[in-house]
Structure formats: C-alpha cells, structure tokens
Amino acid sequence: MIVAARSNTRPPLLCSAVLAAAVLLAAGCTSGGRSEGGQATTPTTAAAPAQPLRVRLVTTAQVPPGGLSAARAAKRAAPGLERFLDRYLSAAYVNAAGGEAGWDGLLGLFDKPVRASARKQLDALSLGQAAPTVTAVRPGQATAKAVVLYGDGGPEAATVRVSFDGTADTAKGSGPVRLRSVLQLLATGDSWRIAAFDSRTGPPK
Amino acid sequence: MIRRPLTWIAALGLVAALTVGLVVAVSPHRPATAQSGQAITVQRAHAGSATPTVKKRIVLLTIGSDSGAPKFGRGGSVETGRADALQLVVLDTVRQRGAVVSFPRDSYVPIPGHGTSKLNAAMAFGGPPLLVQTFERLTGLTIDYYALTSFDGLTDIVNKVGGVQVNVDMNLRDHFAGAFLDKGRQTLDGSQALAYARARKTLPGGDFDRSRHQGQILLGGLGTFQRQVARDPTRVMTWLAVMRDEVKTDLPFPELLRLALLATRVPPSRIQNIPVPSVAGSAGGASVVRLLPGAYSLFARLRAGQLS
C-alpha cells in the first residue's frame, strides 16, 4: 500500500516535473536563440548585431601656419573620418557576411591607383574568402587613431591606424575576426579614399 | 520492486533536465559555439599592403633658388631667383629604379628666347616654366613637375623632419659655405645640409662635387623619410606638411600624396646619383661649365629608360 501509495502519488508529480522541464528546456533554447539572433539554432539566418558598430576615433591634425588651431582642425575632421571608417568596417565585415553584397562597395572606398591591388588583397582587408560562410558579424571593439593633414580649405590627407575585433557566426560555430590596418587616406572634398594600405587580418602570427 | 528503480531513474533524469534547462534559460549570452564549446577559426591570418600605381615614368625637376630666403639675407621671390641647385629626378615606377641627375648651375646651355647662357639664369629670365622648358629642350625629356625651394626652405625642411642622414664623402673645411664636416655617414641638421649643398670653392671637383653632394642630400632625405615612415606611418603627414609649407610645386596635391606613398617603397640604393658629365670652361670672360658629349649620351639613355 505504501508502495502503491507512493506509486500512486508520484506519477502525477513526475508528469508535472517532466512538463516543467520540457517548458524550461524549450525556454532555454528560445532564450539562447533570441539573445544571439538565433544563429545557434538557425545558423543560416543572419544575426542581428549584439551591439552596433561604433568606431572610437582619436584625431590629431597638422595645420598650416596662420590657419585653424590643430585642435579645431582635428575636431572638424573627425566626424567625416568616423563616417568613412564606419563605411569601411561595415563593407569589410558587418555587411560582408554571406558574401552576397560583393566587394564593389568596399573597393569603391579605395583611390583608383590602388584599387586593383586592393582587389587582389581582399583577404588582408576584410572578411575576404571567409565571407560566404559567415552568417553574421557581431562587431566588438573598433578603434582608430588618425593624423590629419589640414590645409587652407579643409582636410587633405590622413594616416589612420584602425583596429577592429568582432565575432563571426557560421553554420559550424562562431569565431573571432580581426583587422589591424594602417590606411593612408586622400580627402576628396566630402569624403575620403584609401590611397595606400598596410593591413593584417585574422589571428596574430 | 520494479517501479522503484524506474522512479529514481526518472527523478534523476528530471533533475538533470531541469538543471540543463535552467542553466540554458538563465544564460544571458549563449554563444553559438555552445555545441562545440570552442571558438572556431573563421578568418585565417593574412597580410597585405599597396601603394598607388602611378604613371610608368615620372620626371621631376628639383630647384634650389638663391632668392626668397630672408633668414640668409636673400630677398626677392623664390621663383624669380637664380636656380643654383638643379636635379632632374627620373623615376621608373614599375621597376622601382631611378636616377638623380645633378646639373652644375653654370652649365652653359641654350635658353629658349635668351640665346645661350648659364642654366641657372633661365629661372631669373622666365620663372620655373622657362627653366622647365630649357631642361626639356636640353635633355629631350618631358618634365612632369617641378619642386622649388630656397636656402630657408631647405634648412627648415631638414630641421622640421629632424635632420637627414647623409654619407658625407670627403672631409670638408669650406669657410665660404660654412661647411665643416668629417667624412662618414651622419645626420645633418638644416644648416649643415645647406652648407654641404653649397660648398664648392674648396672641393677638388668644384661644381662637379657640389652637384653630387646635392644629389646625396636628396637621396639622404629619401632614406630618412623611409626610415621614419617605417617606424611611424603618420610621419607621411609630417613630411607632407613640411613640403606644403616650404616647397613651391606644380604637383597637384593628390599626385604629391601618391608620389610620397610611392617613395616609401623605392630603395635609395636603386636610385643612381649621376652628376652630368661636364668640364670647367669660359665664355665671354665668364667662367662656365660646358657639358661633355657624355652628357648627351646620358640624356639619350634616360629617354630610352636606361637609368644609369
């Protein structure tokens, strides 16, 4: 009787607990999927970035005698540079996931005399060959230090050290992506073009 | 008796399931690698670099004017002075080779519209355009751009970039130019570089030696630029700022930047320093330098792309 009583009383408890566990498990799966954009359960779905790309830029300027102060010139040049670096990192990493966007957008940021070289070295400048296997890139830290050559009419050129770290999601899992570049930029009136580069991607050798 | 073990197994399974479920549920950022537990390699290591591709051959005339230098008591405009330092820089951008061809300022040559006169007078007659025209007629080369500075400009350039390293090729005690230098590789400041570029009277080869020294300063500047940029790429901006402030040129800024970036890659050892073959002479009682037949052979080789 006692056994029977136990046996009589336990099955309903077990059923409830199993149900609760099933609900929790389901919740766990769903929660994980939501927080990471679902890439764990649906790897082919593009993930929403965990945080938006934001380039932290420190700018200094070289100014002509009798012109703006270096501090003011740096302040004036910074927003345009920041927009340009945002466009670069978006085209090279964040928007490159899946490989459908192609590289024309990125290559358009290069000065014509260096564009052909850039096309041949995309792996050193962007996600490169890995892009088609990547479903999403979650930006991490993006920092840049710029020295701007400021002329009478505004910025003329700049040297920028760019550092970007992020996480790329693929069907097989996720891994870090990394860019360390020195970009020599030419001002084009309302924007910038990359006139030369020295760039590394992937894990440090 | 049969039910009890089953019950325990079910309970244990339940606890395990609950635990896993709870852990997963409360985990705020479950990484996509939870299945494998390790990050995968998405991006392999790659390195790359490039400088601009510019036209295959570039010919640049560098000019040192004797005017427009208030610090040296030289008034007037830098563009209407006499051109006392004259180098033709010929670059083969594909093979990354070049030549700095130094011309004695007293070279006795035809100047369009002004008969035959000393080469340095061409700029005084008609500014940099006439000097460029004179060079083009003389050498048969098309000059793409010129770059002009003064005594003040040269000393300021050298001082602002922190000195240029030059292999001084003789002991110099030239009080006329203020050049007191010992033979050997050394970093010259602005006034030393100017003195080395001007010393002539006490040199065994006179104008010929001076022209060679001027070429050495140009190449020393290139080497210094490259070393500084290799250590700190932002130095490109420093050098461009100095050039902008101290040099007059018809080079559009984008082209100046591209050339500067290209210059980071051309080893100075691949650029020959060639004084134009010449000999001292006289014309109408004035001492001049006459170009030897070897000079015209050199121009022909340069036109043919042979940079030696």
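Chain B of this predicted model has eight helices and 15 strands. The chain runs to 308 residues, and 43% of them are buried. Look next at its contacts between residues at least 6 apart in sequence: 62% of these join residues at least 24 apart.

Now to helix packing. Two packed helices are described by the angle between their axes and the distance between the axes. Start with α3 (residues 151-160) and α4 (residues 190-198) of chain B. Their axes come within 7 Å and cross at roughly 130°. That angle makes α3(B) oblique to α4(B). The crossing of α3(B) and α4(B) is right-handed. On the α3(B) side, the contact is made by Phe151(B), Leu154(B), Thr155(B), Asp156(B), Val158(B) and Asn159(B). Helix α4(B) brings Gly190(B), Ser191(B), Ala193(B), Leu194(B) and Ala197(B). By type, the residues of this α3(B)–α4(B) contact are six nonpolar, four polar and one charged.

Stay on α4(B) and turn to its packing with α5 (residues 207-231) of chain B. Here the axes are 7 Å apart, and the angle is about 145°. Ala193(B), Tyr196(B) and Ala197(B) of α4(B) meet His213(B), Gln214(B) and Ile217(B) of α5(B). Four of the residues in this α4(B)–α5(B) contact are nonpolar, two are polar and none is charged.

Next, helix α7 of chain B, residues 253-263. Its buried residues are Leu257(B), Arg258(B), Leu259(B), Ala260(B) and Leu261(B). What covers them?

On to the core. In soluble globular proteins, nonpolar side chains tend to be buried together. In this model, the largest nonpolar core has 130 residues. Those with the most contacts inside it are Leu85(A), Ala92(A), Val148(A) and Ala158(A). Take Ala158(A) as the example. Leaving aside neighbours within four places in sequence, Ala158(A) is in contact with Leu81(A), Ala146(A), Val147(A), Val148(A), Leu149(A) and Leu185(A), and also with Met237(B) of the other chain.

Finish on a loop. Gln96(B) lies between β3 (83-92) and β4 (97-103) of chain B. Its phi is near 50°, a positive value in a residue other than glycine. Is Gln96(B) buried, exposed or in between? Gln96(B) is partly exposed, because 13 other C-beta atoms lie within 10 Å, and a residue needs 20 or more to count as buried, or 12 or fewer to count as exposed.

Methods. Residues are numbered from 1 along each chain as its sequence is written. Chains are lettered from A and ligands numbered from 1 in the order in which they are written. This is a predicted model: local features need pLDDT of at least 70, side-chain atom pairs count only at pLDDT 80 or more; totals for chains, interfaces and linings use all residues. Helices (H or I, at least four residues) and strands (E, at least two) are DSSP runs, numbered from the N terminus. Two residues are in contact if their C-beta atoms, placed from the backbone, lie within 7 Å. Axes are lines fitted to C-alpha atoms, for helices over the stretch in contact, and angles run from 0 to 180 degrees between N-to-C directions. Angles under 35 degrees count as roughly parallel, over 145 as roughly antiparallel, 65 to 115 as roughly perpendicular and the rest as oblique. A crossing is left-handed if the near helix is turned anticlockwise from the far one by less than a right angle, and right-handed if clockwise. Ala, Val, Leu, Ile, Met, Phe, Trp, Tyr, Cys and Pro count as nonpolar, Asp, Glu, Lys and Arg as charged, and the others, Gly among them, as polar. A nonpolar core is a set of buried Ala, Val, Leu, Ile, Met, Phe, Trp, Tyr and Cys residues joined through C-beta atoms within 7 Å.
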